[in-house]
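Here is a friendly note to read alongside the model. Please keep the 3D view open and find each residue as you reach it.

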4 protein chains.
Amino acid sequence: MTKDGQKDVIKRLNITSGHLKKIIEMVKDERYCVDVLQQTEAVKGSLKKVEEIILDSHLHTCVVPSFKGNKSEKSIKELVEVFKRR
Amino acid sequence: MTKDGQKDVIKRLNITSGHLKKIIEMVKDERYCVDVLQQTEAVKGSLKKVEEIILDSHLHTCVVPSFKGNKSEKSIKELVEVFKRR
Amino acid sequence: MTKDGQKDVIKRLNITSGHLKKIIEMVKDERYCVDVLQQTEAVKGSLKKVEEIILDSHLHTCVVPSFKGNKSEKSIKELVEVFKRR
Amino acid sequence: MTKDGQKDVIKRLNITSGHLKKIIEMVKDERYCVDVLQQTEAVKGSLKKVEEIILDSHLHTCVVPSFKGNKSEKSIKELVEVFKRR
C-alpha cells in the first residue's frame with residue numbers, strides 16, 4: 001500500500017471501530033432495531049469505502065509492477081477473486 | 001428485540017469488533033492488500049449475519065404486534081427501507 | 001401482489017428485458033468492457049428496484065393478513081430468507 | 001474481450017434473458033411474491049457471474065497492455081469505479 005493510503009485506511013478503520021462500539025451500546029440500551037440496522041449498514045458502507053482505497057493502492061503498488069514484470073496471471077486471479085467476494 | 005436475540009447480537013458484535021481491531025494491526029504491519037480485503041469482506045459478512053438476526057427479532061417483537069394493531073403502514077415503510085439499504 | 005404493484009413490476013421488467021437485449025448487442029459489437037459492466041450494474045439496479053416494489057406489495061397483501069391470522073412464523077422465515085439472499 | 005470470453009458472455013446473457021422473460025410470466029400469472037423474489041435474485045446472481053467473466057477478460061486484454069504501456073492511471077480509475085459500483 002502507499003504510505004498515504006495506509007494512513008487514510010488506518011484512520012478510517014479506527015473511526016469505523018468506534019462506530020461499531022457505539023452500535024454495541026445501542027443494542028445494550030435496547031434501542032429501536034431499525035435504528036440499529038441503519039448503523040450497521042453505515043459501518044458496512046465505511047468498510048466498502050476502505051476497500052476501494054485499499055484496491056486503488058494495491059493496483060498502484062502491486063498490480064502495475066506485477067503486470068510489467070510479466071507475472072500478471074496471479075494478480076489477475078486475485079483481482080477477480082476480490083471482485084467476486086464483493 | 002428478544003432477550004436471546006439481544007445476547008446473540010452483542011456477542012457477535014464484540015467478536016466483529018475484535019476482528020476489526022486485528023485488521024487495523026494488519027494494515028499497520030503492511031500485510032498484503034488482498035489478505036486485508038479478504039478480512040474486511042469477512043467483517044461485512046459478520047455484520048450481514050447480525051442484521052439478519054436483528055431483523056428476525058424485529059419482526060417477532062415489533063412488526064407482528066404493529067400489524068395486528070392496524071398500525072402496519074409505518075412498519076412496512078421501515079421494512080422496505082431496511083431492504084433497500086441492504 | 002396489488003394490481004398496481006403487478007402492473008408496475010411488469011412494466012419495469014419489460015424495460016429491463018429490453019435493456020438486457022441491448023447489452024447482448026454491445027457484447028456482440030465488442031464494445032468496451034467497462035461500458036458493458038456499467039450497463040450490467042444498471043440492470044441489477046433495476047432488478048433491485050423491482051424487488052423493493054414486490055416486497056412492499058407482498059407485505060401489504062400477504063404478510064399483514066398472515067400476521068393478523070396468527071400464522072406469522074412462516075412469513076417471518078420467508079422475509080428473513082428474502083433479506084438474506086439480498 | 002477475448003473471443004472465448006465473448007462467446008461465454010453472450011451465451012450466459014441469452015440464458016439470463018430467457019430467465020427474465022419467465023419471471024415476467026410468473027408476475028403475470030400472479031405467482032407467489034417470495035418465489036418471484038427468489039428468481040430475481042437468481043438473475044442478479046447470473047449477471048454477477050457474467051461481470052466476473054468480463055472483468056477477467058478485461059484485465060487480460062486491456063489492463064495488462066495498458067499497465068505495460070505506462071498508461072495505467074486511466075485503467076486504475078476505471079477498475080476502482082467498477083469495484084465501487086459492485
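1. Let's start with a term: a salt bridge is a side-chain nitrogen of Lys or Arg within 4 Å of a carboxyl oxygen of Asp or Glu. Side chains of opposite charge can pair when their charged atoms come close. Please remember that this is a predicted model, in which local features need pLDDT of at least 70, side-chain atom pairs count only at pLDDT 80 or more, and totals for chains, interfaces and linings use all residues. Residues are numbered from 1 along each chain as its sequence is written, chains are lettered from A and ligands numbered from 1 in the order in which they are written, and side-chain values use heavy atoms, leaving out hydrogens and water.

2. How many salt bridges does a search of the whole structure find? Over all chains, the search gives 32. One of them joins A:Glu51 to A:Arg86, with 2.9 Å between the closest N and O atoms. A:Glu51 sits in helix 2 (residues 33–68) of chain A and A:Arg86 in the segment after helix 3 (72–85), so this pair ties together parts 35 residues apart in sequence. Helices here are DSSP runs (H or I, at least four residues), numbered from the N terminus.

3. Are A:Glu51 and A:Arg86 buried or exposed? Both are buried, where buried means under 20% relative accessible area, exposed over 50%, and partly exposed in between (1.4 Å probe, protein chains only).

4. Now look at chain B, where B:Asp8 forms a salt bridge with B:Arg12 at 3.1 Å between the closest N and O atoms. The two residues lie in helix 1 (residues 3–28), four residues apart, about one turn of the helix. B:Asp8 counts as partly exposed because its relative accessibility is 27%, and B:Arg12 is partly exposed at 31%.

5. In chain C, C:Asp8 pairs with C:Arg12 in a salt bridge, again with 3.1 Å between the closest N and O atoms. Both belong to helix 1 (residues 3–28) of chain C, four residues apart. C:Asp8 is partly exposed at 27% relative accessibility, and C:Arg12 is partly exposed at 32%.

6. Finally, a network: salt bridges that share partners join A:Glu41, A:Lys44, B:Glu51, B:Glu52 and B:Arg86. B:Arg86 is in the segment after helix 3 (72–85) of chain B, and its 8% relative accessibility makes it buried. The residues that B:Arg86 touches (heavy atoms within 4.5 Å) include C:Lys48, C:Phe83 and C:Arg86, not counting residues up to four places away in sequence.
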